[in-house]
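Thanks for coming. I will go through one structure, and you can follow along on the screen.

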Amino acid sequence: MFPACRYSLQARRCVGALKAVQAEHVAPQVCSTRSSSSTLSRITTHYSVYPRDKDPRWEGVEMERFADEADVVIVGGGPAGLSAAIRLKQLASQHEKELRVCVVEKASQIGAHTLSGACLEPTALSELIPDWKERGAPLNTPVTEDKFSILTEKYRIPVPILPGLPMNNHGNYLVRLGHFVRWLGEQAEELGVELYPGYAASEVLFHEDGSVKGIATNDVGIAKDGSPKDVFERGMELHAKVTLFGEGCHGHLAKQLYKQFNLRGNCEPQTYAIGLKELWVIDEKKWCPGRTEHSVGWPLNRNTYGGSFLYHLNEGEPLVALGFVVGLDYTNPYLSPFREFQRWKHHPSIMSTLEGGNRIAYGARALNEGGFQSIPKLTFPGGMLIGCSPGFMNVPKIKGTHTAMKSGMLAAESAFSKITDENLQSETAGLYIPEYEEAFKKSWIWKELYSVRNIRPSFHNYFGLYGGMVYTGIFYWILRGKEPWTLKHNGLDADQLKPAKDCTPIEYPKPDGKISFDLLSSVALSGTNHDVPVAQNLAIYDVFLLHLEIETQSFSCVYEYVPLETGDGMRLQINAQNCVHCKTCDIKDPSQNINWVVPEGSGGPAYNGM
Amino acid sequence: MSARVLVGVKRVIDYAVKIRVKPDRTGVVTDGVKHSMNPFCEIAVEEAVKLKEKKLVKEVVAVSCGPQQVQETIRTALAMGADRGIHVEVSGKDYETLGPLQVSKILAALAKKEQADLIILGKQAIDDDCNQTGQMTAALLDWPQGTFASEVNIEADKLKVVREIDGGLETIKINLPAVVTADLRLNTPRYATLPNIMKAKKKKIANVKPADLGVDVSSRLEVLKVDEPPQRQAGVKVETVHDLVGKLKEAGRI
């Protein structure tokens, strides 16, 4: 995998020449024929960019969709979606009512697209399923040791974790979230929830009055060039009285809903971070199950938000889950979060744990960091947003699962009372449930997010990391977030990149193949696959606005500058089948030119207990 | 035609997953790993459903042997168009040692019980690559076999099969009842779409135990150990033929 900086100069010359030719804005089809490479085919063939009704290959193709009715449809089979489903069924059996709940999930099996550290706070779980232990929930590793440190290139400075600080993990469990989500799925099925893994919700459906009617799943059998294959079949429509959207961080349907219903009118734009994770089987002598380590500092500079985690799991074999999080508001386009992660592993204190071990899994996923300031409106006619999709992560604690689950439960409770209300007169065909937002504001999620709201924005100062830590120490630990002001974020992550000429390139060490690895071998470990040549999950509007360092924005080698066959210059190759659905390119692209859309269902990574 | 087709489907680890050898070297890690229907079995199901759509056969029955989870695989076959399913329950140690011989005995017994006229299987499974079940089943039933089929046609009451062989394509005509194993180019399997999965939930899957069929699933093979293939060593470049011969002599190859 070539470092982006080595080719940026050539790539820049290439695009510079093209921009000179493209004197005025032209439609995408024309651009592609004017490119310097005769082999540059359309960079995207998605129907949101090239509509089907104008495409002659789609004439006469049956576009009618089979439709079915449910009471509640939940998009996304993650902690939020499954908690909502379970809660709905619990209430239904409690009140002896019949309720049809359908969950659609793009992963081929529940948990296969789940990725998180993870250190779970069992508060929401105990509220949802009080006897989780008897039911065999895979919370096998209570936290026994909690360490926090600041790393420098060679040394490790331990920071005491005083009780009351958000990083204190007493009472929490280290879990493999994929396995936990799988267990939640089993609990949901036992209660009668209809789970449909392998089917992605690709479209939101609307009633005539503008309220949400339900969703449609993706069409199947589309060739790489966008034309229908013999096995083409339309997706299915699932209609519901209310639809819950729990797509996780930066969901693509949520993106549309924000615009449609102007849900982000009164809040700050969401800010994100990218989380990279690996699972290692280590030498038994170095394994201390229950040990939780977090670090900040090296290899990131003080103005780049990020840090690491290393959890020793107690699941039979000596397994550690480790990873690196980098805030996506980084300014240096030469920064590669993947390479920072690989570099971090070479720190003496980390290497000592990993030496002699074996890497068995890799994955990446964006997570939200906006917290309180970025919470949008959560409810709109016909639907509600739950989980990391609107974003309830407690950033200093780096925990979002418990708040996601609780939001699902609150949504379920408010939806249930409305759906089963026989005298309900709804103004819109899809139910509008403002009770969800009211319940949310009264809940412990709100209080928790409010108390930590200033910690992440406090990093935007000259001292960066150290200023933030001082702020946390003073205001959070002493005042518990009761200070009367609310700091703002810096704006969209996509706007933060500085031009490459103003930044210093970063020299990354080559991966050694034992502790650090290159991107391609990491992708292979994620088990990612989309049926080639069908991968169609990146709809890019204008290829010429794609910035050059985009290679670093995919954590699975999706974007690659490859030399042109003619020998001079480079062209952008998109390997969409490598996509691990982390959503970072959609978030970070400065021209906001990339629109991630769902591929055919069941494609994507095949995480096992990540 | 009142023919009944029996299709065998196997639940295997998905082809895109990177597999890992278990720490105790007795096998491969399967817990929580993504599984799906064997690709050749998908082709087999598709062929059976196509025959039904052409009205050449009346009923398609999907069969799978294994623990509870294989029901998902049978449901996928039902969603593709099979009419009913049979789940032969084999779990635990028996499942780990289940191989082509036992499966072909089970299929032979089922074929007799269900009075099947045609058995379509995938040519091999992608986890063990045995390529034996179809052939063994035909032998146990004393039926003709058309293996590595890239085209299947029913003409009168005979089966015309085009087989992919090393030298090219071989066309044979065999009597029914027969066993056919599907090769890659037989067809392109359809997707199991969501409405069909929902309909498939209403289709029946019967549960049977091998003992009910009079089959002993104990294995005559014992796996001694499972290892990863050796790491590929870097190659060495040489400048002249002389050097090449010298290096080969050094390595004791010539």
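**Salt bridges, a helix face and the interface**

I start with a pair in chain A: Glu121(A) and Lys397(A) form a salt bridge, with 2.6 Å between the closest N and O atoms. The two residues lie 276 apart in the chain, Glu121(A) in the loop between β3 and α4, and Lys397(A) in the loop between β20 and α9. Both Glu121(A) and Lys397(A) are buried. Keep in mind that this is a predicted model.

Arg100(A) is partly exposed, at a relative accessible area of 22%.

Then there is a network of salt bridges linking Glu145(A), Lys147(A), Arg291(A) and Glu293(A). Within it, Glu293(A) and Arg291(A) pair at 3.6 Å. Glu293(A) is buried, with a relative accessible area of 14%, and Arg291(A) is buried too, at 17%. Over all chains the count of salt bridges is 42.

Next, helix α10 of chain A, residues 434–442. Which of its residues are buried? They are Tyr436(A), Glu437(A) and Phe440(A). Viewed down the helix axis, these buried residues fall within an arc of 95 degrees, so they line one face of α10(A). Their cover includes β19, β20, α9 and α11 of chain A.

Now the interface. Chain A and chain B bury about 2200 Å² between them, 59% of it on carbon and sulfur atoms. Tyr196(A), Tyr199(A) and Val231(A) supply 22% of the area that chain A buries against chain B, more than any other three residues. The contact takes 32 residues from chain A and 23 from chain B. How many salt bridges cross this interface? The rule finds one. Arg20(B) and Glu317(A) meet in a salt bridge at 3.2 Å, N to O.

One item comes from a record: an unreviewed UniProt entry annotates residues 459–479 of chain A as a transmembrane region. In the model that stretch is 71% helix and 0% strand, with its end C-alpha atoms 18 Å apart.

Last, confidence. Chain A averages a pLDDT of 83, and 89% of its residues score at least 70. Helix α3 has the highest mean, 96, and helix α2 the lowest, 32. Over residues 14–40 of chain A pLDDT stays under 50, as it does over residues 541–548. Where pLDDT is low, the predicted coordinates should not be read in detail.

Terms used:
Residues numbered from 1 in each chain as written. Chains lettered and ligands numbered in written order. Predicted model: local features only at pLDDT ≥ 70, side-chain atom pairs only at ≥ 80, totals over all residues. Heavy atoms only, no water. Buried < 20%, exposed > 50% of the residue type's maximum accessible area, 1.4 Å probe, protein only. Helix = DSSP H or I, 4+ residues; strand = E, 2+ residues; numbered from the N terminus. Arc of directions from axis to C-beta. Contact = heavy atoms within 4.5 Å. UniProt positions renumbered as here; feature names shortened; annotations may be inferred. pLDDT = per-residue confidence, 0-100. Buried area = accessible area lost by both parts, 1.4 Å probe. Salt bridge = Lys/Arg side-chain N within 4 Å of Asp/Glu carboxyl O.
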